[in-house]
Amino acid sequence: MDLTALRTAHPEHWSKATAIRALTLDAVAAANSGHSGMPIGMADVATVLFEKHLKFDASAPHWPDRDRFILSAGHGSMLLYSLLHLTGYEDMTLEQIKNFRQWGAITAGHPEYGHATGIETTTGPLGQGIANSVGFAMAEEIQRATYGKKAVNHYTYVIAGDGCLMEGVSQEAITLAGRHALSKLIVMWDNNNITIDGTVELSDRTDQVSRFKSAGWAVLEIDGHDPVAIDAALTQAKKGNKPTMIACKTHIALGHAAQDTSKGHGALTDPDQMAAAKAAYGWTTDPFEVPADVKFAWEAIGARGTEARKAWEADFETLPRSKRETFERAYALDAPKKLSATVKAFKKQMSESAPKLATRASSEKVLEVLNPILPETVGGSADLTGSNNTKTSDLGVFDIDSRDGRYVYWGIREHGMSSAMNGMALHGGIRPYGGTFMCFTDYARPAMRLAALMKIPTVFVMTHDSIGLGEDGPTHQPVEHLAISRATPNTYVFRPADTIETAEAWEIALTTKETPSVLSLTRQGLPTVRTEHKTKNLTAQGGYVLADAEGRRQVILMASGSEVEIALAARDLLQSEGIGTRVVSMPCMELFAEQEETFRKRVLPGGPVRVAVEAAVRQGWDQWLLGERGKSNKADFVGMSSFGASAPAGELYENFGITAANVAAKAKALL
């Protein structure tokens, strides 16, 4: 690659792009850790994007109608950190760049949402960023149709690498974007033919251009170091009616001794090679020093969008007041005032009528009353709409000719659905929820973990939550998945026992601002166990006394979901023998753990024997069986220690011993 020709052909562009390259080399060298090659190779693309196309204002990083920029190839985080520093984001100081990857710095090893302004999503696991971007683009389409172009009219830009495109979730994302003709989604592929192990041919032979075209994308192929070609491609991409992939042919670690090699992917720290690269770039300043004229030019780029932002603010004020208020409330993640009263009225109706329903059906009943007053909800299912019960009559279907539809047919794409829902939540102004079978938590898991890490309130509706689903057998019967989700920090796992608890769980899931929720819902019908109406949201306490002992309290039975009715039946057996038994419903362990100790002590006092019952593995229950004043010689568990089997639900419960008689027997054996 002739660097001299590049420098002389476009000197002003070159100096701006080289600032990214130099800062990257300096930060990675100081940390002795990181990834140098991608930021160096994609500096030209990023410079043209930020200078000529990206609509943003560095002084107002949360402007709702900004273009979104997603660095899917998150290992190249110094590309983004350099851009944020150079364009003048207040919190991305030079000290933060110097402390790259160090304790307390916002310049983490991969871009982390919430750590620094200007970072739209956390992109460490490859493929997640490009999958998030589909949700961002869908959110933009839905909101533009809902609020009008004056309020919402922007693009989502993505830089993705070979790793992003090899990960399977990318296929789900790409085909989804093509199907929905998300024309405001533009992906720039860093086509450098290098992975950590070697050239791409070592492990892959995919024709990416044909792959994207076959999925319904427009594709452009350019020299990723030619600023004129980059500008022309981005200009053309914005004119089309399809999502666009721009294949940017680049050289990883351009101008460095490690150029076009696997070594160029990682940390380039050799001082002599760094000096040689900077000399080839024509960069003569000290480490971390950007010439004043170059920094000034970058700051002008950062301020370029101020006029557009102010024009947007003026246009926004011309919208009807109700539309503005709804928009602002949704972006603030605030609940409408009537939400609480609506839930209370629904609970009263259900406690009086006491239906026997599968909690997946209970969930649908709740959504029927909540979706109409929450225009920011967007629902969906991974090809299981009739099973997950996630579609309500008011939503309408999101499609090419109905962009204001709020129900998405995600297809058989649990990975892609979950990641795109995160993108919707990150975009702002939308509360997404989506359903699949609980055993497919395994497929949704990367996005579920990232939702928790990013502190965003995505709602994962997981139905068919135990052996109670019956004849489909052990492949579909989740036994370990509650424990998996409960083991994840910052995640609320709700397993409601009836329609009342289901309504309370939804109220929490749709009002929390920084925690994702998992709703574990049954296929089989459950009786209403909360027949006495309480205005208070008892599920918000995590666990509570559902039925207290008559006489001296000797036993505490704890259960969640479908096993609460079994615990109540076991209580009847024990009470008939004069054994005072309390039943504690535990719809959300995480919320119970958050309560004051005085409350937990009232619910789980020391002394009585304890038995927990749940059609899942024991892991997670010992906190309440053995901790919180419990003792190992006075505690037991009734549940699963193996995978399930194919049979009707009733036979499965009987054969696996998840019965009232067995629960009562376990309790008596401990007395």
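Predicted model: local features only at pLDDT ≥ 70, side-chain atom pairs only at ≥ 80, totals over all residues.
Which residues of helix H15 (residues 321-331) are buried? They are Arg 324, Phe 327, Arg 329 and Ala 330, where buried means under 20% relative accessible area, exposed over 50%, and partly exposed in between (1.4 Å probe, protein chains only).

Residues are numbered from 1 along each chain as its sequence is written, and side-chain values use heavy atoms, with hydrogens and water left out.

**The whole protein**

The protein has 28 helices and 16 strands; helices (H or I, at least four residues) and strands (E, at least two) are DSSP runs, numbered from the N terminus. Its radius of gyration is 28 Å, close to the 26 Å that the globule rule gives for 671 residues, so the protein is as compact as a globular protein of that length. That radius is taken over C-alpha atoms, and the globule rule is 2.2 Å times the number of residues to the power 0.38. Along the principal axes, the C-alpha atoms fill a box of roughly 95 × 55 × 45 Å.

Of the 671 residues, 62% are buried. Among contacts (heavy atoms within 4.5 Å) with a separation of 6 or more, 79% are between residues 24 or more positions apart. The accessible surface comes to about 24,300 Å², and 50% of it belongs to carbon and sulfur atoms; these areas come from the Shrake-Rupley method with a 1.4 Å probe, and for residues only the protein chains shown count as cover.

**Helix H15 and its surroundings**

Back to the opening helix. The buried residues of H15 pack against helix H7 (128-147) and helix H14 (306-317). Just after H15, Leu 333 takes a positive phi of about 60°.

**Positive phi elsewhere**

Most residues other than glycine have a negative phi, and most peptide bonds are trans. Asn 193 has a phi near 65° and sits in the loop between strand E3 (185-191) and helix H10 (208-214). Asn 193 is partly exposed, with a relative accessible area of 22%. Lys 455, which is not a glycine either, has a positive phi of about 60°. Lys 455 belongs to the loop between helix H20 (441-454) and strand E9 (459-463), and at 48% relative accessibility it counts as partly exposed.

Ser 262 lies in the loop between strand E5 (244-249) and helix H12 (271-281), and is partly exposed with a relative accessible area of 23%. Which residues does it contact, leaving aside neighbours within four places in sequence? They are Ile 194, Thr 195, Ile 196, Asp 197 and Gly 198. Ile 196 is 66 residues away along the chain, yet the two C-alpha atoms are separated by 5.3 Å. A polar atom of the Ser 262 side chain lies 2.9 Å from the backbone oxygen of Thr 195, and one lies 3.2 Å from the backbone nitrogen of Gly 198.

Arg 582, in strand E14 (residues 580-585), is buried at 5% relative accessibility. Its side chain is joined to that of Asp 548 by a polar contact of 2.9 Å. A polar contact is a pair of N or O atoms within 3.5 Å; within protein, one must be able to donate a hydrogen and the other to accept it, and residues adjacent in sequence count only if both atoms are side-chain atoms. Beyond four places in sequence, the contacts of Arg 582 include Arg 553, Ile 556, Arg 602 and Leu 604.

Met 438 is in the loop between strand E8 (431-437) and H20, and is buried at 0% relative accessibility. Its contacts beyond four places in sequence include Met 462, His 464, Pro 478 and Ser 520.

Gly 473 is in the loop between E9 and helix H21 (481-486), and is buried with a relative accessible area of 0%. Leaving aside neighbours within four places in sequence, Gly 473 is in contact with Ala 645 and Ser 646.

The table gathers some C-alpha separations.

| Pair | Apart in sequence | C-alpha separation |
|---|---|---|
| Ser 262 and Ile 196 | 66 residues | 5.3 Å |
| Met 438 and Pro 320 | 118 residues | 42 Å |
| Gly 473 and Phe 637 | 164 residues | 23 Å |
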